[in-house]
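Colleague: Can you walk me through this model? Keep it simple, please.

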Amino acid sequence: MAKLKLRPRAPKQSSVTNNMKQETRNKKPDSLRFQVSSLKLKSGQVLIITIIFLTVILILSTSLFTRVTSFLRFGSNSIMREQAVNLAEAGIDKTLWQLNQTGGTYSGETNTAVGTTGTFTVTVADKSPGIKTITATGYVPSANAPKEKQVIKVDTSISTSVIAFRYAVQVGTGGVNMSNSASINGNVYSNKLGPDSILGSGQSAINGDAYAVGTISTPAPTVTGRKFQNQQPSQMPTLDYQQWKDAATAGGVTTCPGGSCDFSGSTIANIGPQKYVGSFNVSNSVILTMQGPVYITGNLTLSNSAKINLDNSFGSNGTVLIVDGTVSVSNNATFNPTSANPKGYILVVSTSSSDSAISLSNHGQTAVFYALSGGAQVSNQANATALVANSLSMSNQSQLDYDSGLASSSFSTGPGGSWTIRKGTYHFK
Amino acid sequence: MALNKNGFTLVELLTTFAIGGFVTVIVASIYLAHFRLFANQNTAIDAATQNKLALDEITNQIRQAQTVVSTCSSCSGDTTGANILVLQLWPLDAGGDPQDPMGTNYDYIEYRKDASDATKLIRKTFPYSTSTRKSGTRIVATGVSALTFTYDNADPTLALEITTNVTTSGTSNGKTQTTAQGAKTILRNK
C-alpha cells in the first residue's frame, strides 16, 4: 500500500543564488507538497491492474457464455429429441398403414427420409399369431451421423379371428359325395370313416390332393393330385359362434316384422353389425354391403342376382354372417369379397344340424361356407371358395375354387379390425 | 524519465483522487451490473431448464400411459385433478418391455408438487409387485411455482389428451425470473 508522507516545512531563505531562484520559481510551495515516493506507480502496473480486472470480467463472461451455450444446446437437443420421437411415430403410423394395405405382410423399411428433418427405420417382427412388434427408430438428421435418436416399440394386433381353411373342402363324418361333373379345384379332406369317405360318380373330379380317413372311390372322382386314404382325422377349423353373435348383437337388434326381413327390388343398403330376429330374405337385384358381422336367428335366403358384398374397408380381412337356421343361395345370387389382395371374404356360417344347412345352386356364390354340424348341398354350377361342413353333396357341374389365401385368413368384427396399436405396449426404448 | 521526487500538489492529488474515484465507480458499476446480469441470466436459465425437464418427463410418461385414473391404492388418497395427475401403465417385464397386466396388475405414476416443499415437482412411482419399474419418489424439477393439468374430457379418466402447464421461477438480487410452458400430449396407449 502506498503511503503518503508529509514533508516538514523548510526554513525560509532570504538570499538565494540565481540558479536557486530559478529553481524556486519552478517549485511549488513546500506547504502544498507531499512526498509520494512510495505512491508512484511503476511502469506497467496499470496494465497489470487492468488485466486483472479484465480477467475477472472475462471469467464471469465466459462462465455466463458457457452457461448460455449449454442451455442453448440443451434446448436444441430437446427439440431434436422431440423431432426424433415424431419421426419414429411417423414410422409407426406408416407401418400400420402398410400392414393394412398388404394384409399384414409388410416387414419394415430402412432410412426413409421425412423432408430434411431426419429419417426413420422400421422393423416388424412376429410376436405371436395376430400380434406383431413394430420397432421404429427416428434419427435426426440422419442414421449415419445422428445427433439425436429415439426408439419406440409398440405391439400391433388385429382384432380378428385367424381361421385356417387349409382345404377347399373339409368335411366331418358325413363325407363327400360328388356326382355328374362336380369338381373341386383344391385339396379335399374327409373325416368320414369307412368306405367311400369320398364318393364320386360321373365326371366328378378333384383337381388337387384328396385325403380321407376312410377310402376314396374309383374311378370317380378323378383326382389329379395324390390320394391319401386311411388317414388320421383332421381337426376341423373352429369358430367361436357366441363371439360372433355377440359382435353382431353389439351393433343393435332388429326384429323382423312378421318374422321375416325381406329385401327386394333394387334396394341398396348397408348391413351389420346387427342381429336380425327372424328370417332374412334377399332377392332380385338387391345389393347389401356388410359393414360388420351379421347374426340371423332364422333362415337366410339369397336369390335372383341379389348381392351381399363385403365392404372394401375390411381390406384383406373377412367377417362373419352367422345364421341359426339354414342358408340357401340360388340363381346367380352372390356373396362378394373385398377387392384387396389377398381378398377379404364373407364367412357364411350355419349352426343348423340339418343335412341341407347350406344349399347352393345355380351359379353365384364367392364365399366361404361353414356348417360344422350340418350338411352342404351344392348343385347346378354353384360355386364356392371353400367349404367346411359335416357332409357335402355336390352335383351338376357345381364347382369349388379354393383360394390359397384362405390358409390363414383373418375375420374381423369390423373395419376397425385392421392392424392397430395394442394399447399399453407403446413405450420408449 | 525523471521522477518527480518532490511529490504532488494538493490539487494534483485531489484531481487524481477524483479521477480515480470516478473510474472506480464506473468500473464497479459495470462490474456489479455484469454480475447482476450474470446472476439473473443464471437464474433464468435454471428456471427454463427445470421447466423443460419437467415438461419432457411428464409428456413422455403421458404418451406411454394407458389411461388416467382418479387414484390408486398406493396413492395415499391423492386424486387426479387440476394439480395432480395419476397415470396407469402396463407393468414392465425383465427386459423392460410392457407386459399384459392380466387384469388389474398395473403400475401407477403420480405427478404433483411436493406436499412438504411446494417448489418441487415430484414423481411417485407405484409399480406392481412383479413389475421391474423402479418404485419410489423422485424430484423431477425444482423452483416450480405452478403445475396444472387440463383434460380434454370433463372426466379425466376418459381423457385422451392432456395439457400440462408448468411454471418455474427463481429469484436473484431481488428479481424473479419466471418461465411458463405448456405441452399437449396424447395418450398413445389409450
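Modeller: A definition comes first. Helices (H or I, at least four residues) and strands (E, at least two) are DSSP runs, numbered from the N terminus. This is a predicted model, where local features need pLDDT of at least 70, side-chain atom pairs count only at pLDDT 80 or more, and totals for chains, interfaces and linings use all residues. Residues are numbered from 1 along each chain as its sequence is written, while chains are lettered from A and ligands numbered from 1 in the order in which they are written.

Colleague: Okay. Which strand holds Val282(A)?

Modeller: Val282(A) belongs to strand β18 of chain A, residues 274-282.

Colleague: Is Val282(A) buried or exposed?

Modeller: Buried, because Val282(A) has 24 C-beta neighbours inside 10 Å. The rule is this: a residue is buried if 20 or more other C-beta atoms lie within 10 Å of its own, exposed if 12 or fewer, and partly exposed in between, with C-beta atoms placed from the backbone.

Colleague: What is Val282(A) in contact with, leaving aside neighbours within four places in sequence?

Modeller: Phe263(A), Leu288(A), Leu302(A), Ala306(A) and Ile308(A) are its contacts. Contact means that the C-beta atoms of two residues, placed from the backbone, lie within 7 Å. Also look at Asp262(A): it is 20 residues from Val282(A) in sequence, and the C-alpha atoms of the two are 6.0 Å apart.

Colleague: Zooming out, how many helices and strands does chain A have?

Modeller: Chain A has three helices and 34 strands. Of its 429 residues, 43% are buried. Take the contacts in chain A between residues at least 6 apart in sequence: 48% of them join residues at least 24 apart.

Colleague: Pick a helix. Which residues of α3 in chain A are buried?

Modeller: Helix α3(A) covers residues 241-249, and Trp244(A), Ala247(A) and Ala248(A) are its buried residues. Seen down the helix axis, these fall within an arc of 95°, so they line one face of α3(A). The arc is that of the directions from the helix axis to the C-beta atoms.

Colleague: Why would residues a few places apart point the same way?

Modeller: An α-helix has 3.6 residues a turn, so residues three or four places apart point the same way.

Colleague: And what do the buried residues of α3(A) pack against?

Modeller: Three strands of chain A: β18, β20 (294-296) and β23 (317-323). So β18 comes up again, as the strand that holds Val282(A).

Colleague: Sheets next. What order do the strands take in the open sheet of four?

Modeller: The order is β17-β19-β22-β25 in chain A, with parallel pairing. Two strands pair if DSSP finds at least two bridges between them. At the edges stand β17 (268-271) and β25 (334-336), each pairing on one side only. From one strand to the next, the twist averages 20°. For that angle, axes are lines fitted to C-alpha atoms, for helices over the stretch in contact, and angles run from 0 to 180 degrees between N-to-C directions.

Colleague: How many bridges link β19 and β22?

Modeller: Four bridges join β19 (287-290) and β22 (307-310) of chain A. Met290(A) stands opposite Leu310(A) there.

Colleague: What about the sheet of five strands?

Modeller: That one is open and parallel too, in the order β14-β12-β9-β31-β29 of chain A. Its edge strands are β14 (222-223) and β29 (383-384), each with a single partner, so one side of each has no neighbour in the sheet. Two bridges join β29(A) to β31(A), residues 399-401. Asn383(A) faces Gln399(A) across that pair.

Colleague: Why is β8 of chain A called largely enclosed?

Modeller: Eight of the ten residues of β8(A), 169-178, are buried, so the rest of the structure largely encloses it. β8(A) runs parallel to β30(A), residues 386-394, over seven bridges. It also pairs with β10(A), residues 188-190, over three bridges. Asn177(A) in this region stands opposite Ser393(A) in β30(A) and Leu199(A) in β11(A).

Colleague: Last topic. How many residues are in the largest nonpolar core?

Modeller: It has 74 residues, and Val169(A) and Phe369(A) are among those with the most contacts inside it. Strand β28(A), residues 368-379, gives the largest share, seven residues. A nonpolar core is a set of buried Ala, Val, Leu, Ile, Met, Phe, Trp, Tyr and Cys residues joined through C-beta atoms within 7 Å.
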